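Me: I have a structure open and would like to learn how to read it. Please take the features in turn, the general idea before the case.

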Amino acid sequence: MRGNRFFVVLGAVALSVCAACSAAVPQTQAPPPQIPKITPPTTPSKVPVMVDRPLPDDCELVVPVDVMNATLGQELPGEPRIIIGIKEPGIGRTGKIDCYYGIPPKQNLPAAKIVIGLSTYTDELTARTRVTESIEAERADGAKITEVDVGRQKGTLVEGKEEQLLIGSLGKSTFVVRNRNNFIPQAKLIAILPVLAQQSMTPPV
């Protein structure tokens, strides 16, 4: 009987010791879920590259409507209209187009907000000469003349009383972006017109 009591006592002590041991061991927690890391692409977005290209036959190939609206920060009314000019051998011009953007319904070309014109000439010298002559004519009429960057090229911002235009040449081609009736505020001209000019000389990819 004494031996049994001793065994029971030892057993109780052992159980209490084991219970204390188990209570002292910290419970392991499940590791937090792994959140996948998204690495942004390192390839830079494509920047329009101006080239001396053949004349497009559609305004969507000059400045697409969505690009025009995004650049202006607003949606222009109507659909672009294209006017295809004729060749003028007397001044060395081999082709000409004009795209009219922002014509309200039931109105005509003079109501356009933005006009983009592209022309091609027999050679680079003739193209540059035509641009220079246009700039000097505007200067003589009292316009403010400023050289600005158009992509990696140079252009000339001409600020007249009724319209402002950005004009330049690239190879045998010339480009001009016209802001009609002061549609774009003067403070935003340098931020907007060069973007449209650069796009007008960039072929679609």
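The dialogue below goes from the overall layout to helices, cores, a disulfide and some loop residues.

Me: What should I know about the model before reading it?

Reply: This is a predicted model, in which local features need pLDDT of at least 70 and side-chain atom pairs count only at pLDDT 80 or more, while totals for chains, interfaces and linings use all residues. Residues are numbered from 1 along each chain as its sequence is written, and side-chain values use heavy atoms, with hydrogens and water left out.

Me: How many helices and strands are there in the protein chain?

Reply: Helices (H or I, at least four residues) and strands (E, at least two) are DSSP runs, numbered from the N terminus. The protein chain has 4 helices and 7 strands. Their order from the N terminus is α-α-β-β-β-α-β-β-β-β-α.

Me: What share of the 205 residues is buried?

Reply: Buried means under 20% relative accessible area, exposed over 50%, and partly exposed in between (1.4 Å probe, protein chains only). Of the 205 residues in the protein chain, 35% are buried. As for contacts (heavy atoms within 4.5 Å), among those between residues at least 6 apart in sequence, 57% join residues at least 24 apart.

Me: How do I read the sides of a helix?

Reply: An α-helix has 3.6 residues a turn, so residues three or four places apart point the same way. Take helix H2, residues 65-72, where Met68, Asn69 and Leu72 are buried. These residues cover an arc of only 95 degrees around the axis, which puts them on the same side of H2; the arc is that of the directions from the helix axis to the C-beta atoms. Asp66 and Ala70 are exposed, on the face of H2 turned away from its buried side.

Me: What covers the buried residues of H2, and what follows the helix?

Reply: The cover includes strand S2 (93-101), strand S3 (114-121) and helix H4 (189-200). Gly73 comes after H2 and has a positive phi, near 80 degrees.

Me: Is H4 largely enclosed or largely open?

Reply: In H4, 9 of the 12 residues are buried, so the helix is largely enclosed by the rest of the structure. Among its buried residues are Leu189, Ile192, Leu193 and Leu196. The buried residues of H4 pack against H2, S3, S4, strand S5 (153-159), S6 and S7. The span can be checked too: the expected value is 1.5 Å times one less than the number of residues. For the 12 residues of H4 this gives 16 Å, and the end C-alpha atoms are 16 Å apart, which agrees.

Me: How do I read a nonpolar core?

Reply: In soluble globular proteins, nonpolar side chains tend to be buried together. A nonpolar core here is a set of buried Ala, Val, Leu, Ile, Met, Phe, Trp, Tyr and Cys residues joined through side-chain atoms within 4.5 Å. The largest one has 27 residues, and those with the most contacts inside it are Val62, Met68, Tyr101, Ile114, Ile116 and Leu196. H4 gives the most to this core, with 5 residues. A second, separate core of 7 residues includes Val131, Val158, Leu165 and Ile167.

Me: Which residues does Val62 touch?

Reply: Leaving out residues up to four places away in sequence, Val62 touches residues including Arg53, Pro56, Cys99, Tyr101 and Gln199.

Me: How do I read a disulfide?

Reply: A disulfide is a covalent bond between the sulfur atoms of two cysteines. The criterion here is a pair of cysteine sulfur atoms within 2.5 Å. The whole structure has 1 disulfide, which joins Cys59 to Cys99 with an S to S distance of 2.3 Å. Cys59 lies in the loop between helix H1 (2-24) and H2 and Cys99 in strand S2, so the pair ties together parts that are 40 residues apart in sequence. The torsion about the S-S bond is about -105 degrees, so the disulfide is left-handed. Cys59 is buried at 4% relative accessible area, and Cys99 is buried at 0%.
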